[in-house]
Each structure stands twice: as C-alpha cells, then as structure tokens.
Amino acid sequence: MKSTLLLLALALTAQAAPPPSFFRALHIVETSGRTGAILGDGGNALGPLQIYKAYHSDARIGGDYARCADLDYSRRVVSAYLQRYAPAAWAAGDVKTLARVHNGGPRGASKPATVAYGDKVARLTK
C-alpha cells in the first residue's frame, strides 16, 4: 500500500507544474525580460533566468551550460531543478517556494534572504 501511494505521489509530482506566468515572472525579476547571453552576479550567472553552472549541473538534463542563454532551454533547466529540489512545491504550484529555491538553492525556501525574492515573483505570477 505504501509503495503504491509513493508511486502515485511521484507520478502526480512529475505531471504537475506551476502556471506559465511563473516562468515569465522569474524572467522579469532576473533580467527584466531580456534574452540572450546575459551575464549576472559577477559573471557567475548566465541567460534570461540567470542560471549558475552548479545549478545547471544539479538539474541533470545534460547539454552544454552555454545553452542557458536560450530562454526555452533555461526553462527546462529550471523545471528539472525545481522538480528535483522542491517536488511538493512543484506539485502544488507553490510559486513563492519555487522562486525561493530557484534563488537560494536546495534549501532556499528556509533562508530569510530569499523571502523578498519569493514575494516579488509571487506578486508577478498573479
């Protein structure tokens, strides 16, 4: 019974997703909606969603880090990363928690420094 419930929960998590407006809000907050090979955070973050190399690796989707300059590829990276590190928030469409994890890493939802970022993304998602 427990294994059946676990499999069901994993299947639902993999299929659920935040609203499309979530990715638009991240894009606006990160780079004011700009596209291309935008470097931020002292050259450590790349592209419209400002992805770090370690974040890209942690997403486990393969591909060259330079592809993070492409918005569609960046969305795939962010989706994989958030499904890995915040599966419950992903399934629930909890955009504030997802934004905090995007901004602060796997434990970002518990970091006080990510609260304002999460609030801003959540406001723009509505």
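The following questions and answers concern a predicted model of one protein chain.

User: What conventions apply to the residue numbers and values?
Analyst: Residues are numbered from 1 along each chain as its sequence is written, and side-chain values use heavy atoms, with hydrogens and water left out. Because the model is predicted, local features need pLDDT of at least 70 and side-chain atom pairs count only at pLDDT 80 or more, while totals for chains, interfaces and linings use all residues.

User: How many helices and strands are there in the chain, and in what order do the elements run?
Analyst: Helices (H or I, at least four residues) and strands (E, at least two) are DSSP runs, numbered from the N terminus. On that basis the chain has seven helices and three strands. From the N terminus on, the order is α-α-β-β-β-α-α-α-α-α.

User: What percentage of the residues in the chain is buried?
Analyst: Buried means under 20% relative accessible area, exposed over 50%, and partly exposed in between (1.4 Å probe, protein chains only). Of the 126 residues in the chain, the buried ones make up 41%.

User: Which strands stand at the edges of the sheet?
Analyst: The open sheet has three strands in the order β1-β2-β3, with antiparallel pairing; two strands pair if DSSP finds at least two bridges between them. Each edge strand has a single partner, so one side of it is left without a neighbour in the sheet. The edge strands are β1 (39-40) and β3 (51-52).

User: Which residue in β3 stands opposite Ala45?
Analyst: Strand β2 (residues 45-46) is joined to β3 by two bridges, and the two strands run antiparallel. Opposite Ala45, the residue in β3 is Tyr52.

User: Where do the buried residues of α7 lie on the helix, and within what arc?
Analyst: In α7 (residues 115-125), the buried residues are Tyr117, Gly118, Val121, Ala122 and Thr125. Seen down the axis, they line one face of the helix because they fall within a limited arc, taken from the directions from the helix axis to the C-beta atoms. On the other side, Ala116 and Arg123 are exposed.

User: Which helices are included in what covers the buried residues of α7?
Analyst: One of the buried residues of α7 is Val121, which is also among the residues with the most contacts inside the largest nonpolar core. The cover over the buried residues of α7 includes α2 (20-31) and α6 (95-104).

User: Is His56 buried or exposed?
Analyst: His56 lies in helix α3. Contact means heavy atoms within 4.5 Å; leaving aside neighbours within four places in sequence, the contacts of His56 include Ile51, Tyr65, Cys68 and Val77. At 8% relative accessibility, His56 counts as buried.

User: What is the relative accessibility of Val77?
Analyst: Val77 lies in helix α4. Not counting residues up to four places away in sequence, Val77 touches Ile51, Tyr55, His56, Ala59, Ile61 and Cys68. Val77 counts as buried, with a relative accessibility of 0%.

User: How far apart are the closest N and O atoms of Lys96 and Asp119?
Analyst: A salt bridge is a side-chain nitrogen of Lys or Arg within 4 Å of a carboxyl oxygen of Asp or Glu, and Lys96 forms one with Asp119. The pair links distant parts of the chain, with Lys96 in helix α6 and Asp119 in helix α7, 23 residues apart. Lys96 is partly exposed at 31%, and Asp119 is partly exposed at 28%. The closest N and O atoms are apart by 2.5 Å.

User: Which residue forms a salt bridge with Arg75?
Analyst: The closest N and O atoms of this pair are 3.6 Å apart. Both residues lie in helix α4, three residues apart, about one turn of the helix.

Notes:
A nonpolar core is a set of buried Ala, Val, Leu, Ile, Met, Phe, Trp, Tyr and Cys residues joined through side-chain atoms within 4.5 Å.
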